[in-house]
Amino acid sequence: MATYIVGDIQGCFDELKQLLNTVQFNPTQDQLWLAGDLVARGPKSLETLRFVKQLGDSARVVLGNHDLHLLAVSLGIHRVKDKDQTAPIFAAEDKDELLTWLRHQPLMAEHEEFVMSHAGISPQWNLATARANAKEVEQILQSHDWTWLIENMYANQPDLWDNKLEGIERYRYIINAFTRMRFCFADARLDMDCKLPPQEIEGDELVPWFELPSRIRLDKAVIFGHWAALEGHQSDQEIGLDTGCVWGGSLTMLRWEDKQFFTQPALA
C-alpha cells in the first residue's frame, strides 16, 4: 500500500489522471490524499469531483478556499465566474449529490506521520487545538446551519487567534487559517492580501506562516497546497505541493513512504 498526496488540482483532471497512471495508482491498495481546491479554474472540475467522490475510502480530501467558494455559489451568494469554469457542475444531474459530498469533507486530515490542510496550520495552534478547531467548523458545515456559515465566512477579520473568540468571528478565523493563510505579521496576525513568493517581499514585516519564529511546532509534518507562488516547498516539517498546474505550471504528487515526488506538466 502506498500513500500518494497531491496538490491543488483546480479542475486539471487530465493531469491528475496522468500522474495516477505514472505511479500505477491502485485504489484497492493505495490511498490518494488531496490538499484541497479540487475545483475552480481548470477545465474539468465536474470530472474531478466525480472521480474523487467515487474513490470512496481510497481518497482523503480537505477543503480549500475554492471548494468553499463553490458552495457559496451554490447558495447564490456569488455568481459563477467564467474564469472558474465550474458552470458544468451546476448543470449536472448529480449536482446536489456532489455538493453534499463536498461539504462533508474536513478542513484537516491526519495521518500517523503528517497532517494535511489546504493552507497550513495557524502558527498559534498546537496539534490538539488544530484538531478541535477543525472539528468545530466541520460540525457546522455538515449540519443544517451550513448555509449560515457560508453566508458569513467572507471577511479578513479577526486576524489573530484567541480561544475566547465566539460565533462567526471564531469560525471565520478557523476557516481563513485552514484555507486562505499565506503570510503572517511578526505578532502572528494573518495577512490575507499578499500572494507573492517570499523572495519578492521587501523588508521583514511579512513572514511565511511556517517560518514565523514564534510558531508552535507540531510533532507531525504539515502538508499543504494553496500557495502556487511558492512553486513547491520542502523542509523537515512542512511540505507545500501547489506548483500551479492551473497557471501553466505542473501538478505535483508525493509518495509518502519513500518521499519521492512526481510531477506532471500542465497539458494545456
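1. The largest pocket is lined by 28 residues, and Asn65, His66, Arg182, Lys195 and His226 lie nearest its centre. Helix 3 and helix 8 are the elements that give two or more residues to this lining. Helix 3 gives the most, with four residues. The pocket holds about 670 Å³ of space. On a 1 Å grid over the protein atoms alone, a pocket is an open set of points with protein on both sides within 12 Å along at least five of seven lines; a cavity is a set where a 1.4 Å probe fits but cannot get out; lining residues have an atom within 4 Å of a point. Grid points are joined across faces, edges and corners, and a volume is the space filled by probe spheres set on the points.

2. Some ground rules. This is a predicted model, in which local features need pLDDT of at least 70 and side-chain atom pairs count only at pLDDT 80 or more, while totals for chains, interfaces and linings use all residues. Residues are numbered from 1 along each chain as its sequence is written, and side-chain values use heavy atoms, with hydrogens and water left out. Helices (H or I, at least four residues) and strands (E, at least two) are DSSP runs, numbered from the N terminus.

3. Eight of the 10 residues of helix 3 (residues 65-74) are buried, so the rest of the structure largely encloses it. Buried means under 20% relative accessible area, exposed over 50%, and partly exposed in between (1.4 Å probe, protein chains only). The buried residues are His66, Asp67, Leu68, His69, Leu70, Leu71, Ala72 and Val73. Their cover includes helix 2 (45-54), helix 4 (87-91), helix 5 (95-103), helix 6 (127-141), helix 7 (146-151) and helix 8 (167-179). Gly76 follows helix 3 and has a positive phi, near 85°.

4. The structure holds two cavities of 30 Å³ or more. The largest cavity has about 50 Å³ of space. Its lining consists of Ala40, His66, His69, Leu70, Val73, Asp84 and Thr86.

5. How buried is Ser117? Its relative accessibility is 0%, so Ser117 counts as buried. Ser117 lies in strand 5 (residues 114-117). Its side chain reaches the backbone oxygen of Gly120 at 2.5 Å. Leaving aside neighbours within four places in sequence, Ser117 is in contact (heavy atoms within 4.5 Å) with Val62, Leu107, Met108, Phe178, Ile223, Phe224 and Gly225.

6. Three strands form an open sheet in the order 7-6-8, with antiparallel pairing. Strand 7 (190-191) and strand 8 (206-208) are the edge strands, each pairing on one side only. Two strands pair if DSSP finds at least two bridges between them. Strand 6 (residues 183-185) pairs with strand 7 in the antiparallel sense over two bridges. Phe183 has Asp191 in strand 7 as its bridge partner.

7. Asp193 is in the loop between strand 7 and strand 8. Asp193 is exposed, with a relative accessible area of 60%. Asp193 and Phe183 are 10 residues apart in sequence and 8.7 Å apart in space, C-alpha to C-alpha.

8. The peptide bond from Gln157 to Pro158 is cis, with omega near 0°. Pro158 is found in the loop between helix 7 and helix 8. Glu231 has a positive phi, near 55°, in a residue other than glycine. Glu231 is in the loop between strand 9 (221-224) and strand 10 (233-234), and is exposed at a relative accessible area of 66%. Lys259 also has a positive phi, near 60°. Lys259 is in the loop between strand 12 (250-255) and strand 13 (260-265), and is partly exposed at 39%.

9. Last, the record. An unreviewed UniProt entry annotates residues 3-158 as "domain: Calcineurin-like phosphoesterase". UniProt positions are given in the numbering used here, feature names are shortened, and annotations may be inferred rather than shown by experiment. In the model, the end C-alpha atoms of residues 3-158 lie 36 Å apart, and the span is 42% helix and 12% strand.

How values were computed. A polar contact is a pair of N or O atoms within 3.5 Å; within protein, one must be able to donate a hydrogen and the other to accept it, and residues adjacent in sequence count only if both atoms are side-chain atoms.
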